[in-house]
Amino acid sequence: MNDEEAAVLRHVGLTIKAERARRDWTQEKLAHDSGLSVSQIARMERGLRDAGVTRIVRVAWALGIDPAVLLGGLSLHNFRNRNRR
């Protein structure tokens, strides 16, 4: 995994964590509602797991948001320019 890919995973993970915290949910609740394990949620939030599209969708739906919210800020222009400094 290169630095750019790692930055993408961290960005998505932080977004998942922020959305979960906004609802005052535990990782256990999000795991239960998404059908994923607590360890999968924890690794996703830390940017250690490439969640894949289906897991991102499951997490987003569990949170009651559009999956695009979890990918927000990853436009080619904005993200690459911000992370190449």
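Trainee: Which residues lie nearest the centre of the largest pocket, and how many line it?
Mentor: The lining has 16 residues. Val 12, Asp 50, Gly 52, Ile 56 and Leu 71 lie nearest the centre. Keep in mind that this is a predicted model.

Trainee: How much space lies in that pocket?
Mentor: About 190 Å³.

Trainee: How is empty space found at all?
Mentor: A probe the size of a water molecule is rolled over the atoms, and that shows where space is left empty.

Trainee: Which helices each supply at least two residues of the pocket lining?
Mentor: H1 and helix H4, residues 52-63, each do that.

Trainee: And where does the largest share come from?
Mentor: From H1, with 5 residues of the lining.

Trainee: What's the lining like by class?
Mentor: It has 12 nonpolar residues, 2 polar ones and 2 charged ones.

Trainee: Let's zoom out. How many helices and strands does the protein have?
Mentor: There are 6 helices and 0 strands. Along the sequence, the pattern reads α-α-α-α-α-α.

Trainee: What share of the residues is buried?
Mentor: Of the 85 residues in the protein, 39% are buried.

Trainee: Give me one from H1. Is Thr 15 buried or exposed?
Mentor: Thr 15 lies in helix H1. Thr 15 is buried, because its relative accessible area is 16% and the cut-off for buried is under 20%.

Trainee: How far is Thr 15 from Val 69?
Mentor: Their C-alpha atoms are separated by 8.1 Å. Along the chain, the two are 54 residues apart.

Trainee: What about Lys 17? Where is that one?
Mentor: Lys 17 is also placed in helix H1, which covers residues 3-22. Its relative accessible area is 43%, so Lys 17 is partly exposed.

Trainee: How far apart are Lys 17 and Gln 27?
Mentor: From C-alpha to C-alpha, 8.7 Å. They sit 10 residues apart along the chain.

Trainee: Now the loops. Where is Asp 24?
Mentor: Asp 24 is in the loop between H1 and H2. It is exposed, because its relative accessible area is 70% and exposed means over 50%.

Trainee: What is its phi?
Mentor: Asp 24 has a positive phi of about 60°, although it is not a glycine.

Trainee: And Gly 47, which loop is that in?
Mentor: Gly 47 is in the loop between helix H3, residues 38-45, and H4. With 10% relative accessibility, Gly 47 counts as buried.

Trainee: How far is Gly 47 from Ala 6?
Mentor: The C-alpha atoms are 7.1 Å apart. Along the chain, Gly 47 and Ala 6 are 41 residues apart.

Trainee: On to helix H2. Is Glu 28 buried, exposed or partly exposed?
Mentor: Glu 28 lies in helix H2. Its relative accessibility is 47%, so Glu 28 counts as partly exposed.

Trainee: How far apart are Glu 28 and Ser 39 in space?
Mentor: C-alpha to C-alpha, 9.2 Å. In sequence, Glu 28 and Ser 39 are 11 residues apart.

Trainee: Rings next. How many aromatic pairs are there?
Mentor: The count is 0 aromatic pairs.

Trainee: Then what lies over the face of Trp 25?
Mentor: Lys 29 does, at 4.5 Å from the ring centre.

Trainee: Last topic, confidence. What's the average pLDDT?
Mentor: The protein averages 89, and 88% of the residues score at least 70.

Trainee: Where is confidence lowest, and where is it highest?
Mentor: It is lowest in helix H6, residues 76-83, at a mean of 58. It is highest in helix H2, residues 27-34, at 98.

How values were computed: Residues numbered from 1 in each chain as written. Predicted model: local features only at pLDDT ≥ 70, side-chain atom pairs only at ≥ 80, totals over all residues. Heavy atoms only, no water. Helix = DSSP H or I, 4+ residues; strand = E, 2+ residues; numbered from the N terminus. Buried < 20%, exposed > 50% of the residue type's maximum accessible area, 1.4 Å probe, protein only. 1 Å grid on protein atoms, 1.4 Å probe; cavity = no way out; pocket = protein on both sides within 12 Å on 5 of 7 lines; lining within 4 Å. Points joined across faces, edges and corners; volume = space filled by probe spheres on them. Nonpolar A, V, L, I, M, F, W, Y, C, P; charged D, E, K, R; others polar. pLDDT = per-residue confidence, 0-100. Phe/Tyr/Trp six-rings, centres within 6.5 Å; stacked < 30°, edge-to-face > 60°. Lys NZ or Arg CZ within 6 Å of the ring centre and 35° of its normal.
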